[in-house]
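Here's a quick briefing to read alongside the model.

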Amino acid sequence: MNKYALFLGCTTPVKVPQYELASRWVCEYFGIELIDFEEFTCCGINQLNLSIEAGLLMAAMNLALAEAKGLDILTLCAACTGALAEAIEKLKDETTRNSVNEKLRDVGLEYKGKTKVRHISRVLYEEIGTEKIKREIKKDLSALRVAPHYGCHYLRPKSAFENFEEPDNPRTLHGLISATGAQPVEYETLNLCCGGKVFPVSEDLSRALVQKKLDSLANKEVDAMVLQCQTCYLMYSDQQKEINKEYDNQYSLPVILYPQLLGFALGADPVKDLALNLHNISPEKILSKVI
Amino acid sequence: MNEVKKMVSTSELDSGFKSDVLAHTDARGLNACFSCGTCSAGCPIHEVFPDYSPKKLAKMVRLGMKKEVLSSPYIWYCATCRNCVEHCPQNVKFFDILNVLKNMAAKEGYAPAAWVEQTKHVGETGIVFAAEDNWIKKREVLFLRPLKAYAEKVRKIIEKTGITKIKPRVNSK
């Protein structure tokens, strides 16, 4: 099914709209139809901190909204993907589902357990496929060495993702990057969390995680990091800038979102279609390596 | 770090704490924990800040150290990466237990202001941020469709859970 309810989440549409722009462009290119839902809200992941019940209800409400239109959900944010997928797992239990539906009835909704959630990268990987992507590439990206970063909630818990990925040795984003012609670089801290979910409570802890990854990439001759979640993006981009204030500007790693890399390789306009000009650390230098 | 920590006094332990935690279905893995420490070994926060330790917290709950656990700022330091869940040989699901602990702590007045504020925004805009003119401008430049704040349904369903009544911890950010 190449038609999805587009779940933007909270952060992408207001803080990283370039991710939304590039994702829409790439989906249109491959004939993936995205339906906008004005009634979608936050997925509920952060509310789990204060009330597991409230967080689950929020996820269920969003799932029910898509289900009412007979659609599966396409996500951009790793955390929304994880929150919705874990809610689907929990709601397989009939007692839990009945109790949730009792509350959703107040707003005229019911979740029956049909709607699935798929991250955009998974849709590209499973439904379009790396072979088809390769055939469509217009530019030569072979000089580019990029570090993939998956995002924890895209991977774990793997039980919520039908074992789609192997969390300790993930490969799908590597495959998607290779399909564009760029080289995915192997590095030690591949699975290190960006710290985004602890940022609101402790900026210091979250920056310590960011810095650790940046340090491990320092001698890898990497042209850019390629991500698939806007929260990870904000951590490695905006917080890289903050860390630089304290550490004598020693970091200058461009950070881009996968649909921007793919769109660029497919011949999209870097500014109009992908907003590659909106980044803290300009990816201009790396793009000049592309033929 | 060299000072001797206060002894655990059995008279100060709350024998009902563990069963209160276990009463939540998300925390039922706690009894299976044999303190192997795989959770802490794979925890990215523990690596940069050793005082935060999932293994230690699980043990404290089982001992009944209610006040120490619920008032600890550390329980809010989880980065939610789920490494502890993925690698636990006993399928304890520490992440889920921690959420149960955080929910209990929130009810007792220890919630970080940041999470309380986000919840307030959800009730107003449907998302974790307050409405800002900046949103509109950023999107207009890219010719992206305008966003509408839509919170009517979500406000109605979360109000009944009591989440909107949670007050932030005093002196927290």
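From the N terminus on, chain B runs α-α-α-α-α-α-α-α-α-α, which makes 10 helices and zero strands. Helices here are DSSP runs of H or I with at least four residues, strands are E runs of at least two, and both are numbered from the N terminus. Keep in mind that this is a predicted model, where local features need pLDDT of at least 70 and side-chain atom pairs count only at pLDDT 80 or more, while totals for chains, interfaces and linings use all residues. Residues are numbered from 1 along each chain as its sequence is written, and chains are lettered from A and ligands numbered from 1 in the order in which they are written.

**Chain B overall**
- Of the 173 residues in chain B, 39% are buried (20 or more other C-beta atoms within 10 Å of the residue's own, with C-beta atoms placed from the backbone).

**Where the chains meet**
- Chain B puts 50 residues in contact with 45 residues of chain A; contact means C-beta atoms, placed from the backbone, within 7 Å.
- On the chain B side, the elements giving two or more residues are α3 (44–48), α6 (83–87), α7 (94–107), α8 (113–125), α9 (133–141) and α10 (152–159).
- That side of chain B splits into 31 nonpolar, eight polar and 11 charged residues (Ala, Val, Leu, Ile, Met, Phe, Trp, Tyr, Cys and Pro count as nonpolar, Asp, Glu, Lys and Arg as charged, the others, Gly among them, as polar).

- Leaving out residues up to four places away in sequence, Y233(A) touches V16(A), Y19(A), L227(A), V255(A) and L257(A).

**A closer look at α3(A)**
- 16 of the 17 residues of α3(A) are buried, so the rest of the structure largely encloses this helix.
- α3(A) packs against helix α4 (residues 78–90) of chain A at about 95°, with the axes 9 Å apart, so the two are roughly perpendicular (65 to 115 degrees).
- L56(A) and A60(A) are among the α3(A) residues at this contact, and A83(A) and L84(A) are among those from α4(A).
- Just after α3(A), G70(A) has a positive phi of about 70°.

Notes: Contact = placed C-beta atoms within 7 Å. Axes fitted to C-alpha atoms, helices over the stretch in contact; angles between N-to-C directions. Parallel < 35°, antiparallel > 145°, perpendicular 65-115°, else oblique. Buried ≥ 20, exposed ≤ 12 C-beta atoms within 10 Å, placed from the backbone.
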